[in-house]
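The sequence and structure are shown first, and the description follows.

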Amino acid sequence: MVERMKEFEVLLAADVVYDRNEIPHLVLAVRTFLEQGGEYAIFATTYRNQVTFDLFQTSLKQQGVAVQEIPENIIYNLPRWLPCYYSQLRSEVRIAIMTIE
């Protein structure tokens, strides 16, 4: 499976940052993808717990992965073209772009 990562430029994940026990696996997946030639990873997630989200970002940085959070005002102004956007408060959504430092 790792060999196939070279075929893709972007890793896109949604709503995967919620279990602290899985953070090391997520970070490893992101780092491996980027080291294998991926351009960047984009994670969109519901902001449920600050401790979990902070752990995720800290773990990424410790592994040499740069994290750029998309500002809330930009997220708020994204088009609402799917029905699910009407039930999710924009203030609860975080979008982060990750690259190798």
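## Serine 59 and its partners

Apart from residues within four places in sequence, S59 is in contact with I23 and V27. S59 itself belongs to helix α2. The model is a predicted one, and in it S59 has a relative accessibility of 15%. Buried means under 20% relative accessible area, so S59, at 15%, counts as buried.

L28 is placed in helix α1, and 31 residues separate it from S59 along the chain. The C-alpha atoms of L28 and S59 are 9.6 Å apart. The relative accessibility of L28 is 43%, which means that L28 counts as partly exposed.

## How the two helices meet

On the α1 side, the residues involved are I23, L26, V27 and V30. On the α2 side, they are T52, L55, F56, S59 and L60.

The axes of α1 and α2 are 10 Å apart, and the two helices pack at an angle of about 40°. The crossing of α1 past α2 is right-handed.

## The chain as a whole

How many helices and strands does the chain have? There are three helices and four strands. Read from the N terminus, the elements follow the order β-α-β-α-β-α-β.

The chain has 101 residues, and buried residues make up 29% of them. Its accessible surface amounts to about 6800 Å². Carbon and sulfur atoms account for 54% of that surface. Among contacts in the chain with a separation of 6 or more, 77% join residues 24 or more positions apart.

## The nonpolar core

The largest nonpolar core contains 16 residues. Within this core, V17, V30, F43, F56, L60, V65 and M98 touch the most other members. At least two core residues come from each of α1 (23-35), β2 (40-46), α2 (50-62) and β4 (93-100). The largest share, six residues, is supplied by α1.

F43 illustrates how the core brings together separate parts of the sequence. With neighbours within four places in sequence left aside, F43 is in contact with L11, A13, V16, V17, L26, V30, F56, R94, I95, A96 and M98. Several of these partners are themselves named among the core residues that touch the most other members, including V17, V30, F56 and M98.

The relative accessible area of A41 is 0%, so A41 is buried. Beyond its neighbours within four places in sequence, A41 is in contact with L11, V30, L34, A96, I97 and M98. A41 and A29 are twelve residues apart along the chain, and their C-alpha atoms are separated by 10.0 Å.

T45 is also found in strand β2. Is T45 buried or exposed? T45 counts as buried because its relative accessibility is 5%. Not counting residues up to four places away in sequence, T45 touches D15, V16, V17, F53, E92, V93 and R94.

D15, one of the residues touched by T45, is located in the loop between β1 (10-14) and α1. What is the phi value of D15? Phi is near 55°, a positive value in a residue other than glycine. With a relative accessible area of 33%, D15 is partly exposed.

Conventions:
Residues numbered from 1 in each chain as written. Predicted model: local features only at pLDDT ≥ 70, side-chain atom pairs only at ≥ 80, totals over all residues. Heavy atoms only, no water. Core = buried A, V, L, I, M, F, W, Y, C linked by side-chain atoms within 4.5 Å. Buried < 20%, exposed > 50% of the residue type's maximum accessible area, 1.4 Å probe, protein only. Contact = heavy atoms within 4.5 Å. Areas by Shrake-Rupley, 256 points an atom, 1.4 Å probe, with all protein chains shown as cover. Axes fitted to C-alpha atoms, helices over the stretch in contact; angles between N-to-C directions. Left-handed = near helix turned anticlockwise from the far one by under 90°.
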